[in-house]
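Work through the exercises below with the sequence and the structure open. Try each task before reading its solution.

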Amino acid sequence: MNTLLLVVALSGVGGHRHAHWRHCYARQYYYTYNCCQTGTTACNTCSPVVTGPAAAPEPTHAAPAPYAEEKMVEKPAQPKVEAPAKPKSLYERLGGEPAIKAVVDNFVMRAATDEKVNFTRKGTDKEWMATEENVAKLKKHLVDMIGSVTGGPQKYEGRSMKESHAGMKITAEEFGAIAADLKATLDEFKVPEAEQKELLDIVGSTKGDIVEAE
Ligand code: HEM
């Protein structure tokens, strides 16, 4: 019966504006339509939907995009941007207060026993007594002075270089000898050349205030 109807429909019997039988491939049944010009292969009900492989995909139950992205996509590790390292102060590079104390102990011992320096100022009006108390005070002032001028937290509370050495008649040669003693101490402690130079330059800058005799 169906085959017969189809044959009738497709044979052109009836012509334009007459009813035709067509097969709906989506629903697998025959139907009639009135316009032979449409050439449709699906019934009116399903023709907009049945479009073969290009049909719209079934809606999925996937999480909405932003959530899915956040939960399911592993974000690539962000490279950590480190702040540029702050350059270390001379104080830090020397090793801080413990290292400076050790340097001062060694230096005072060396300079106080160096004849070329005449540290106690024998033969001048300003002869200095190397008592335990005086030595401790001198060392404390030296540590605080070196700490404060190299970037440490210390505060120097002693007198100025001009005031404390006034009348000692210190010569340039004696100043050179005490600077050499400091260098020998820094060598003994294996302080690197760059740090030695920085510290010796600072000490050297006091020469004009300390040297007063030829
Ligand atoms: C030949 C060179 C030097 C000699 C003979 C010398 C000698 C002395 C003496 C005897 C004192 C004790 C003064 C007192 O307590 O009344 C003193 C104090 C001191 N010196 Fe020198 N000194 C010399 C170079 C230097 C240098 C190069 C520095 C460092 C840059 C220095 C830093 C000090 C300091 C910080 C004090 C302690 C000041 C105070 O207590 O107020 N001295 N020096």
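This is a predicted model: local features need pLDDT of at least 70, side-chain atom pairs count only at pLDDT 80 or more; totals for chains, interfaces and linings use all residues.

Residues are numbered from 1 along each chain as its sequence is written.

**Exercise 1.** Decide whether lysine 88 is buried or exposed.

Solution. Start with the rule: a residue is buried if 20 or more other C-beta atoms, placed from the backbone, lie within 10 Å of its own, exposed if 12 or fewer, and partly exposed in between. Lysine 88 has 10 such atoms within 10 Å, so lysine 88 is exposed. Next, find its place in the chain: the loop between α2 (65-72) and α3 (90-94). Helices here are DSSP runs of H or I with at least four residues, numbered from the N terminus.

**Exercise 2.** Find which helix gives the most to the shell around the ligand.

Solution. First list the helices that each supply at least two residues of the shell: α5 (132-150), α6 (161-165) and α7 (172-188). Of the elements, α5 gives the most, with four residues.

**Exercise 3.** Describe the largest nonpolar core.

Solution. A nonpolar core is a set of buried Ala, Val, Leu, Ile, Met, Phe, Trp, Tyr and Cys residues joined through C-beta atoms within 7 Å. The largest one has 17 residues, and Phe107 is among those with the most contacts inside it. Two or more residues come from each of α3, α4 (96-112), α5 and α7. With five residues, α4 gives the most to this core.
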